[in-house]
Every structure is written in C-alpha cells, then in structure tokens.
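Subject: Structure handover

Hello,

Here is the structure for your files. My notes on what turned up in it follow below.

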Amino acid sequence: MADSQFIKVLKGEKTERPPVWFMRQAGRVLPSYLEMRKKYSFKELMRSPGLAAKVTLLPIYDLDVDAAILFSDILVIPEALGMELSFTDSGPRFAKALKDFDDPASQLKPDASKLHYIYDVIDEIQKTKPQNIPLIGFCGAPFTTLCYMVQGLGTNHTFPDAVTLLYKDKAMAHKLFSAITELSIEYALNQVKHGISAFQIFETHAGLIPSGLYFEMVMPYVRKISKAVMDAGTPVIFLPKGLGTGIKHIKPDDADFISIDWQTPIEEARELVHPNLGLQGNLDPRLLMGSKETILETLERYVPFGSKNHNWIFNLGHGFIPGIPYENAKLVVDWIKQTNWKRN
Ligand code: 1CP
C-alpha cells in the first residue's frame, strides 16, 4: 500500500502538496454528523463501535481530508480515573469537581478497563476505513485534562482553581499529573497496538499559564507520553495552544510535529520552532464564517510558505466551531488539493 500524503510528510518525505485534515472535523460542521446527532446522544455515538467508526469516517467521504481522527474525547481519561462524566448541551460536566476535596488525589480510582470499548472502536475503524487513509489517535495533555477535572466543567475557560493549584499545592498537582500521565501512556500504547498511524496530544489550555511554568511543571509529563508513543514507532503531533514564544523551547525529543495556533504567523512559527520539528496549522477557524473571497485570499498567503516547507501539515489553529458552513470547509480542502504549490 502506498503511503498517504499525511504519512509521507510525517516520515519527512517530500510531497507535491501539504496534507490536510481538521481538528474537530467529525462533529460540529458536517450535515451528516448533525443528522446523526438528532437520533443519538454524543455518548451513544462515541461508545458504539459501529456508530463511532461511521462518524470517524464521515469527513473522509464528505470533506475528502487526508486523515481520520478517532471519534472520542479527551475526557475519557478522567472518566477512567473514576470521575463520573456527562455530556450536556452546554458541554461536558463531572458529577464532582476535584476542587471541592481536601485531598483530590484520594478521589481517583484508576480503572484502565473503562477504556477498552475505545479499542473496539479503533478495530472497527480499521476494518471499515479506506486502506490508504491513516487514523490519528489522541489524548488530552495533562494540564488540559487537569483543568476539567479540577474545575468540573468547561463553560468558563479560565479554570481558576486548576491554575491556582499549580501555585498553591505543587505536590498535589504533581500527584494528579502523574495519575493522568500513567493512564494516558497505557491508553496511547493500546491505541498504537490497535493500529493508529499517528498520535496527537491536545494541550488546548496551555495559554492559561506562563510558558516558563508550563515547561517546569507540565512538559516533563507530556515528554513521557510522547516518548512512549515515539519509542513504539508512531509519530506524535503536539498542540500547545497559546504557548506563544514558548514553542521555541520544544525539543525534537518532545514530539515530531507541533500544531501552531492562529496567533502566531506560520512563517514566524517556523523561525521559532526547532528545524527538526515539523509544523501543523494554522488557519483561524472563524475565517470560515467569512466570504469565499476572504477565505481564498487568506489561503493564497500560505503558498510562499508551502512552496518552501515540506514538513508542514495543513490544519486549523484550533478546532472547527459550530455554525461554520460545511461548503467553506470543503472549499479549503479542494483549494489545498488543486493549488500549484510550486514545489520541486
Ligand atoms: O454535542 C456533540 O455533538 C458533542 C460535541 C463533542 C464532540 C464532537 C465533544 C464534547 N467532544 C467531541 C469529539 C472530540 N473531542 C474529538 C473527536 C474528533 C472530532 O470531533 O472530529 C476530539 C479530538 C476531542 C478533543 C477534545 N475534547 C478537546 C481537545 C481539543 C479541542 O478541540 O480543544 C477538548 C478540550 C475536549 C472537551 C470537550 N468535549 C466536548 C466539548 C464541547 C468539549 C469542550 C468543552 C469546553 O471546554 O468548552
């Protein structure tokens, strides 16, 4: 089987164009997904191997992207650590938040078997996906996962109790990071065993804390997860959203590719990030609410960068948001595939 554009780029090979996929490509914008959500809850979709595999593959058929991402959620790790989780119309919510306990670590009861249904989902995807389409596995990075566990919900994206825990009780923060990391490694390696082609670590809320604190307290745990996955032969993409100029301190041992948010121009990110690390990103998803002309004009600005940089995967700076017209997402994929990238 010939490698897909996505795998070639992850391996450091030259291609005629950048590969393209989108964060949150399955849920949120596809009419076919929204139709399925009328019949099933999010939890029903993610827990049934048949349905989850179907949703995972919708963007392959509807958008023609170059990779599929497992349809699941980063909050399955807290759930497997013993925290009761529900997905409400206003987002995920835990029955109890760790901030309400004197000894939060004592609340955790790790049970890795609670993740087993996800490996059945991966098996079903492998059985049903087109051969040349790679599957991306993922987990949340330890700080973002901790944010939801401590605060209990995500409606307020400042997570004040999670952030202050890093200053008030470093020892407790380390205990919680260790528990998250240990289970995440087991989870990631099982995803590898079930045949994922790449693994992305989502640190969506890195920008809530100073990058120095991030490197001191969180990065050692990220490194443990990525090292385990990279040692198992699977490439790792790390998304540290909002880390700012901190991206220049990420080392080739920490990941293979760094996903860049929309705040940093991709050319500047290239200057900051270690040359042995590839880049992913970084279109502002909200641009896709704009007119076709505005979208195409912004996309054209990527051509000079893309003509010189082969180690780049096209993506958004963060995930799709509800309300983006499906046609605009498709416009981006078609444009990436039809553009002359002037590579040689
Ligand atoms: O109502 C619905 O249809 C459910 C919405 C939804 C979906 C589609 C949630 C609830 N999770 C997901 C799937 C999901 N989540 C995927 C699968 C791929 C895909 O959708 O295409 C992935 C990779 C995630 C990862 C995730 N979940 C992150 C990290 C990445 C990111 O986008 O920032 C985070 C922070 C979450 C938490 C979460 N789960 C769901 C929501 C609405 C949220 C965000 C809550 C918040 O902070 O507002």
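A polar contact here is a pair of N or O atoms within 3.5 Å; within protein, one must be able to donate a hydrogen and the other to accept it, and residues adjacent in sequence count only if both atoms are side-chain atoms. This is a predicted model: local features need pLDDT of at least 70, side-chain atom pairs count only at pLDDT 80 or more, and totals for chains, interfaces and linings use all residues. Numbering runs from 1 along each chain as its sequence is written, and side-chain values use heavy atoms, with hydrogens and water left out.

Ligand

The polar side-chain atom of Tyr 33 is 2.4 Å from a ligand oxygen, that of His 157 is 2.6 Å from one, and an N or O atom in the side chain of Arg 28 is at 3.3 Å. On its own the ligand has 870 Å² of accessible area (Shrake-Rupley, 1.4 Å probe), of which the protein covers 88%.

There are 23 residues around the ligand (a heavy atom within 4 Å of it). Arg 24, Tyr 33, Tyr 148, His 157 and His 318 come nearest. The shell has twelve nonpolar, seven polar and four charged residues; Ala, Val, Leu, Ile, Met, Phe, Trp, Tyr, Cys and Pro count as nonpolar, Asp, Glu, Lys and Arg as charged, and the others, Gly among them, as polar.

Pocket and cavity

Both were found on a 1 Å grid over the protein atoms alone: a cavity is a set of points where a 1.4 Å probe fits but cannot get out, a pocket is an open set with protein on both sides within 12 Å along at least five of seven lines, and lining residues have an atom within 4 Å of a point. Points are joined across faces, edges and corners, and a volume is the space filled by probe spheres set on them.

The ligand takes up the space of the largest pocket (more than half of its atoms lie within 2 Å of the grid points). That pocket holds about 1,400 Å³. Its lining has 42 residues, with Arg 24, Arg 28, Asp 73, Pro 92 and Tyr 148 closest to the centre. Helix α2 gives the most to this lining, three residues; helices (H or I, at least four residues) and strands (E, at least two) are DSSP runs numbered from the N terminus.

Among the residues lining the largest cavity are Pro 240, Ile 258 and Asp 261.

Backbone

Arg 28, in the loop between α1 (5-10) and α2, has a positive phi of about 80° although it is not a glycine. Gly 281 and Asn 282 are joined by a cis peptide bond, omega about -5°, and Asn 282 is in strand β8 (residues 278-283).

Regards
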